[in-house]
Number of protein chains: 2
Amino acid sequence: MSTPLRIGIAGLGTVGLGVIDILRTHATTIAMRAGRPVEITAISARSRRDRGIDLSAYAFEADPADLATRDDVDLVVEVIGGENGPAKETVEAALASGKHVVTANKALMARHGTALAALAERHGACLRYEAGVAGGIPVVKALTEGLAANAVTRVMGVMNGTCNYILTKMEATGEDYSDVLTEAQALGYAEADPAFDVGGMDAAQKLALLTIAAFGTHVDIDAVKVEGIEQVTLTDIRYARDLGYRIKLLGVARSGDGAVEVRMQPCLVPAQSPIGQLESVVNMVVIEGDFVGQTVFQGPGAGAGPTGSAVVADIIDIARDIRVPTFGVPVADLREYPTTTAGSPATYYLRLTLEDRPGMLAKVAAALGQHGISINQMRQTEHEGGSAPVLIVTHACLRQDLDKALDEITGQSMCQDTPVAYRIETV
Amino acid sequence: MSTPLRIGIAGLGTVGLGVIDILRTHATTIAMRAGRPVEITAISARSRRDRGIDLSAYAFEADPADLATRDDVDLVVEVIGGENGPAKETVEAALASGKHVVTANKALMARHGTALAALAERHGACLRYEAGVAGGIPVVKALTEGLAANAVTRVMGVMNGTCNYILTKMEATGEDYSDVLTEAQALGYAEADPAFDVGGMDAAQKLALLTIAAFGTHVDIDAVKVEGIEQVTLTDIRYARDLGYRIKLLGVARSGDGAVEVRMQPCLVPAQSPIGQLESVVNMVVIEGDFVGQTVFQGPGAGAGPTGSAVVADIIDIARDIRVPTFGVPVADLREYPTTTAGSPATYYLRLTLEDRPGMLAKVAAALGQHGISINQMRQTEHEGGSAPVLIVTHACLRQDLDKALDEITGQSMCQDTPVAYRIETV
């Protein structure tokens, strides 16, 4: 058996300890699969407090950047987190020293991934991030290797367990968003400050990484359209269900006309589709290729075991001398497509709360028609009092045209509330 | 850019032509991803008849074994088919000459895979077969690479599109097995001689390959329990649905106690599970690992595009110098576990057509009880005439005990028909 691959682990949180657990539990099998032993030599964390396991066999570094340049470390596992600061310094120090890096840090990779990949290439090192996208599901590998024979036509994902838990629980129990969020926090499915999850940014960072790998293009994370689930109401979840749809926080990326469209927003999807059937905290990624057609990948998106599984798979790849470029092609071959939010044509779900006066429906239809938007379905639901809830499913149109029509409808005071509009994604 | 990887294609059927189409359509992207051009240099087929595309740029060999040893071929794509004969001779000739082989031939690999992998290892060549299992879904790669950090606890799959089409169509339309089979043949979803598909052997070969990769053990294909869907009736499909299940031709492999259990048979699965929701010709593979938990892979299981996609992905891997052992570990490290058909404990669905006489139900319950089988649910459905259909869901028991009880029930002439018994697989 050849020389061991020596691992330094920067960060001893849930994921770091999960990685140590796997490398210890499966040391023999991993050596057999990798063709060489994989050994932890050094660790780094902010404190040396007791973590319930014996870490005394490993050298300890208080500064992760020092760990990254140790002579007895060939590969650094970065599980510190954060898009700048110590995580970035550690990864840069490791790559600049020609050491391989495996990271679970989607924020870092979404912001600096292509620059870091270029640094890795210059120094003959590998940079891998499977654990940063959809936890234990090997979906980066699917895009960069397993489906590499295809031109990807679309990639979609439900990649935030907190949001999918909240949306499916609201539907199942009839509870409001805020009640379900409180429960999710009690169960550990949502953070005390949930903004990063429910606001869509966590999932958007994952989507950005998938997009680079899928379309071989740079992505400007600041230009990605990001909308969270905070405004999704039980009313809309139920109306959507009546129409045969479910509301999901869905990431979608497409490429065409020299641009890449990247959106993370609540969408309606057919209830019977794989994404429509996805329950609770499970993640799902759908990859469509010109030759393969539609493939679907489902699994746990978070937690020590699943995330650790992805980190260790990347380690085994590197131990096996697998040298796939970080995003599937060398950084120099990535396209410079602009990231757009425009959105391809789609049908839309609209809910309007109209003043209950004669002629209002006709006025709405006219406003939509003036902007080229035709109506596929319209339902006025039963109501009491002075307002009439109206549901509309449009034919395919552009969001910009729809927004103009909605502005006009709002401007003419036909509605009592702000109109609700969700894209219906065909899956 | 470095030296081209030169490809010889043995077999110009649907898959062979699909591979040529992909390599031509995406030549530039593939070269970018692989880091070197991938070029077809030679082809082989039984005849030189016109196939609607210009193949004049490639050298032609009438004998595929001659193609396999050409100096201008580095990698042979074997898409001839068959577990022996020209396919085996071609693969052996190529590997013995140190040439890489990518095959879509599950029959060959299920029968001779480990011997061929050993031959490849001796000559420093790669042998890959992603296209042989579940078409375009990169599930061999998931097992041998993406989930390599795990001890797999169970692998399951619906991997024959013909069978899943027939079963879901029977349920949707209420048509009988033979009518739906005829339609499937007309649509090209079933062969003129459907025995290999509906009898379960096609799916069993795929399952055997997944089992070797999942558990790192030899599998004796002749010892795999294989049962087809020919006996599945509309009656059972409907009763199963009433109980909250669907009937699928399900492959399941597990390892424990120094043996590997491999079964391909109609099973009941919960209607709301991913497998239970699988419609039409789509394939699905579920892989469970000790750290990652449950992962699910879905996609097209057949056809020129999906199968070609898997073949070309293997080619790109080899062009990238990826050298993962054929089954994830070197052949010398594969375990010699015996292949058992025993089956772990499970609950069972039983349908008995009892003589409509007093005391029959009590006798059945007694016969089951004598063999340690307790009843979870029993339903006697409405009936006319002299026979009473009875549905039973057992508590967990061993198939061998159940079979003894059913023998006794049959022996005492309580039933008018042979009892129907399907395993309920928890998913």
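Predicted model: local features only at pLDDT ≥ 70, side-chain atom pairs only at ≥ 80, totals over all residues.

## A buried glutamine in a strand

Gln298(A) belongs to strand β12 of chain A. Gly276(A) is 22 residues away from Gln298(A) along the chain, and the C-alpha atoms of the two are separated by 13 Å.

Which residues touch Gln298(A), once its neighbours within four places in sequence are left aside? In chain A, the contacts are Ile137(A), Leu278(A), Val282(A), Asn283(A) and Met284(A). Gln298(A) also reaches chain B, where Pro274(B), Gln294(B), Thr295(B) and Val296(B) are in contact with it.

## Two copies of a chain

How do the two chains relate to each other? Chain A is superposed on chain B by a rotation of 180° with 0.0 Å of shift along the axis, and the RMSD is 0.0 Å. The two copies are thus related as by a two-fold rotation axis. Both copies use the same surface, as 100% of the contact residues of chain A recur in chain B.

Within chain A there are three parts to look for: domain 1 (5–128), domain 2 (139–300 + 332–340) and domain 3 (347–424). The C-alpha centres of domain 1 and domain 3 of chain A are 53 Å apart.

## Aromatic pairs

How many aromatic pairs does a search of the whole structure find? Over all chains, there are 7. In one of them, the ring centres of Phe297(A) and Phe297(B) are 5.8 Å apart and the planes stand at 90°, so this pair is edge-to-face. The pair crosses between chains, with each Phe297 sitting in strand β12 (residues 293–300) of its own chain. Phe297(A) and Phe297(B) are both buried.

The rings of Tyr129(B) and Phe327(B) make a tilted pair, because their centres are 5.2 Å apart and their planes lie at 45°. Tyr129(B) is in the loop between β6 (127–128) and α6 (139–146) of chain B, while Phe327(B) is in the loop between α12 (304–319) and β13 (339–340) of chain B, so the pair ties together parts that are 198 residues apart in sequence. Tyr129(B) and Phe327(B) are buried too.

## The nonpolar core

The largest nonpolar core holds 171 residues, and those touching the most other members are Ile166(A), Ile287(A), Ile166(B) and Ile287(B). Apart from its neighbours within four places in sequence, Ile287(B) has contacts that include Val139(B), Ala142(B), Leu143(B), Leu147(B) and Phe297(B).

## A helix under cover

Helix α11 (residues 234–242) of chain A has buried residues at Leu234(A), Asp236(A), Ile237(A), Tyr239(A) and Ala240(A). What covers them? Among the covering elements of chain A are helix α7 (161–173) and the strands β9 (245–256), β10 (259–270) and β14 (347–355). Just after α11(A), Gly244(A) has a positive phi of about 95°.

Over all chains, the structure holds 0 disulfides. Cys397(A) is in no disulfide, and the nearest cysteine sulfur, that of Cys267(A), is 13 Å away. Cys397(A) is buried, with a relative accessible area of 6%.

Cys126(B) is buried, with a relative accessible area of 6%.

Technical notes. Residues numbered from 1 in each chain as written. Chains lettered and ligands numbered in written order. Heavy atoms only, no water. Least-squares fit on C-alpha atoms with pLDDT ≥ 70 in both. Contact = heavy atoms within 4.5 Å. Phe/Tyr/Trp six-rings, centres within 6.5 Å; stacked < 30°, edge-to-face > 60°. Helix = DSSP H or I, 4+ residues; strand = E, 2+ residues; numbered from the N terminus. Buried < 20%, exposed > 50% of the residue type's maximum accessible area, 1.4 Å probe, protein only. Disulfide = S-S within 2.5 Å. Domains from an automatic or database assignment. Core = buried A, V, L, I, M, F, W, Y, C linked by side-chain atoms within 4.5 Å.
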